[in-house]
Amino acid sequence: MKHIAKKRFGQNFLTDQGVIHSLVEAISPEENDLMVEIGPGLGALTQPLMKKLNHLHVVEIDRDIISWMESFYPKDKITIHNSDALKFNFAELAKMSKKNKIRVTGNLPYNISTPILFHLLNNIESIIDMHFMLQKEVVERMVAEPSTSEYGRLSVMLQYQLKMEYLITVPPEAFDPAPKVESAFVRCIPHKTLPHPAKNEALFAKIVTSAFGQRRKTLRNTLKEYLDDDGFTNVGIDSQLRAENLSVEQFVSIANFLA
Ligand code: SAH
């Protein structure tokens, strides 16, 4: 179909067949999976996925693409959800599957990648795994280790719930139009049991947000609402450190000390 890419929807369509092939290999769809693709666009991933799956769900916001998909794809092979992925009820869809769980994939619109990740985290118990194409810089932040410049709130909040694997770096030329930045493909699998469970997850999230709110400042400063010097001594964390120096486990130990 003739389609002019819309910037506001973050449309960069994958065109490199070699890359597409590697992504589908990495996703490794099984015919009975309940898979949902976010942002199918013109079908770069949708079509090879449909070949491997009995049925595919897609969530797309662009009405022009929706009407093209409705006329182009066989109705029994695909369910087309015309929705903003940020508002889409993934847990509801998961109820349709025997396992009550879905697999999620997509070449995500980069302008909303962080909110989508957090939206999916809120539905984590409905998710088997997720494979996403994102801006490379975002994937580096997702998988970052403590005491690196990439390590931040996103790393801590995602690593708390997910095991992540940086899979493939993808150059701008693999897309049309080519984005300005490099991309990367990442696999996220929810931990079966949390390695470091927080007694109060909302409190844990607040502490992480406060600590990284001013990432150049010491914890003594950024967490003064929560911990005094004795508190830091009690949890065994040096208050002169900064947020970026703390592991997920250490953030959890602060939250659990307060809970
Ligand atoms: N998967 C395709 C398209 C990627 S471009 C490919 O790889 O070629 C990103 C896609 O996400 C576009 O189809 C865009 O319309 C869609 N999109 C953008 N914002 C969205 C949102 N909030 N919810 C659902 N889809 C969205």
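**Exercise 1.** In this predicted model, how many of the 8 residues of strand 9 (residues 183–190) are buried?

*Solution.* Take buried as under 20% relative accessible area. By that cut-off, 7 of the 8 residues in strand 9 are buried. Strand 9 is thus mostly covered.

**Exercise 2.** Which residue stands opposite F185 of strand 9, and in what sense do strand 6 and strand 9 run?

*Solution.* Start with the pairing. Strand 6 (residues 127–135) is joined to strand 9 by 6 bridges. The two strands run antiparallel. Now find the residue: M133 stands opposite F185.

**Exercise 3.** How many bridges link strand 7 (residues 162–170) with strand 9, and which residue faces A184?

*Solution.* Next, look at A184 in strand 9: T169 stands opposite A184.

**Exercise 4.** Are helix 5 (residues 113–121) and helix 7 (residues 153–161) roughly parallel or roughly antiparallel?

*Solution.* First, take the axes. They come within 11 Å and cross at roughly 30°. Next, apply the cut-off: angles under 35 degrees count as roughly parallel. Helix 5 and helix 7 are therefore roughly parallel to each other. The crossing is left-handed.

**Exercise 5.** Which residues make the contact of helix 5 with helix 7, and how do they divide into nonpolar, polar and charged?

*Solution.* List each side. Helix 5 gives T114, L117, F118 and L121. Helix 7 gives R153, L154, M157, L158 and Q161. Then sort the residues of this contact: 6 are nonpolar, 2 polar and 1 charged.

Terms used. Residues are numbered from 1 along each chain as its sequence is written. This is a predicted model: local features need pLDDT of at least 70, side-chain atom pairs count only at pLDDT 80 or more; totals for chains, interfaces and linings use all residues. Side-chain values use heavy atoms; hydrogens and water are left out. Buried means under 20% relative accessible area, exposed over 50%, partly exposed in between (1.4 Å probe, protein chains only). Helices (H or I, at least four residues) and strands (E, at least two) are DSSP runs, numbered from the N terminus. Two strands pair if DSSP finds at least two bridges between them. Axes are lines fitted to C-alpha atoms, for helices over the stretch in contact, and angles run from 0 to 180 degrees between N-to-C directions. Angles under 35 degrees count as roughly parallel, over 145 as roughly antiparallel, 65 to 115 as roughly perpendicular and the rest as oblique. A crossing is left-handed if the near helix is turned anticlockwise from the far one by less than a right angle, and right-handed if clockwise. Contact means heavy atoms within 4.5 Å. Ala, Val, Leu, Ile, Met, Phe, Trp, Tyr, Cys and Pro count as nonpolar, Asp, Glu, Lys and Arg as charged, and the others, Gly among them, as polar.
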